[in-house]
Amino acid sequence: MYFSLQVVGVTNNTGRKRDVAASFSDATDGYLEGNVLKQGADLEQLVNWCSDATCALDVATGAGHVAGSLADAGVSRVVASDLSPAMVRTATDEYRGLEGVAVDAERLPFSADQFDAVTCRFAAHHFPDPEAFLAEVERVLEPGGMFAFEDLCVPADPELAAYVNRIERLRDSGHVETYSRGQWLDWLDATGLTVETVHETSRELEVDAWLNRMAVPEEDRQRIRSLLSDAPADLETAFEFQYEADGDRLASYQTGVVLLHVTA
Ligand SMILES: C[S@@+](CC[C@H](N)C(=O)[O-])C[C@H]1O[C@@H](n2cnc3c(N)ncnc32)[C@H](O)[C@@H]1O
């Protein structure tokens, strides 16, 4: 295992990235134990797309659920990388045989064509420069390599998208922006990568558990709850709001998710 306690090579938004790394370093337990990320058909799908790989890089690994699943699926070398050294340590402690490194997704310290698979799940909404991230993915992937990507996605309507992002930023100051499926496809179109499969789906999000994972202070919880109560009707429909049986308190909703299978 190689491991760096300093984050390697951050070149832009250094203050913001330092804050993001610190806030995730305080949240390792929630990301390790939370069932939302630990399992799911989406995780199986990403791993299936990369099952022939021999040398994979998981970007923004969090508690290592994708990296660990790749190793379990027989990928012989798996590098678990994250901006937060504490997350990298959590991943490598939890899953045997992973290599771990603390790095910025937008500046990967690897040579060209080094991996035959790159994965990134539920993290790109934290990246200030998603196009720089995609350029790095393209650079480190060997020709024919796989990129299996998943992130939250917002409706195409800019007003609904802005509303969702406002809520997300209140919950997590490191949230930069959740993009629409179309935005990801436009960015990918400008690279030399080829999109093979697009799945737009949704994922149930239990509001209290989601707030607890980032230890959101009470005042911000109340503001988020108010925004959810006042959400535009189109968002309530699109995200299938579910209320608690005995009142109008929101229990859960289906947040938008996009999965992309891309080849180099
Ligand atoms: C929700 S967690 C990732 C979950 C994980 N991929 C999974 O499937 O279980 C988001 C992760 O993104 C990482 N992150 C945020 N900005 C990053 C960046 N610029 N480069 C690398 N990792 C970053 C955070 O430290 C955090 O561990």
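Author: Let's begin with a term: a residue is near a molecule or strand if its C-beta atom, placed from the backbone, lies within 6 Å of it. This is a predicted model, where local features need pLDDT of at least 70, side-chain atom pairs count only at pLDDT 80 or more, and totals for chains, interfaces and linings use all residues. Residues are numbered from 1 along each chain as its sequence is written.

Reader: Thanks! How many residues surround the ligand, and which are the closest?

Author: The ligand has 24 residues around it, and the closest are F24, A60, G62, L83 and A105.

Reader: Which helix gives the largest share of that shell?

Author: That is α1, with four residues. Both α1 (14–25) and α5 (65–72) supply at least two residues each. Helices (H or I, at least four residues) and strands (E, at least two) are DSSP runs, numbered from the N terminus.

Reader: And what classes of residue make up the shell?

Author: There are 14 nonpolar, five polar and five charged residues. Here Ala, Val, Leu, Ile, Met, Phe, Trp, Tyr, Cys and Pro count as nonpolar, Asp, Glu, Lys and Arg as charged, and the others, Gly among them, as polar.

Reader: New topic: how many residues are in the largest nonpolar core?

Author: It has 74 residues, and C50, A56, A67, L70, V78, V118 and F147 have the most contacts inside it. Such a core is a set of buried Ala, Val, Leu, Ile, Met, Phe, Trp, Tyr and Cys residues joined through C-beta atoms within 7 Å. Strand β8 (residues 250–263) gives the most to this core, seven residues.

Reader: What does "buried" mean there?

Author: Buried means 20 or more other C-beta atoms within 10 Å of the residue's own, exposed means 12 or fewer, and partly exposed is in between, with C-beta atoms placed from the backbone.

Reader: Nice. Where is T54, and is it buried or exposed?

Author: T54 sits in the loop between α4 (41–49) and β1 (55–59). T54 counts as exposed because it has 12 C-beta neighbours inside 10 Å.

Reader: Which residues does T54 contact, beyond its neighbours within four places in sequence?

Author: Those are V75, S76, R77 and D116, where contact means C-beta atoms, placed from the backbone, within 7 Å.

Reader: One last thing: what is the phi of F122?

Author: Phi of F122 is near 50°, a positive value in a residue other than glycine. F122 lies in the loop between β4 (115–121) and α7 (130–140).

Key:
Two residues are in contact if their C-beta atoms, placed from the backbone, lie within 7 Å.
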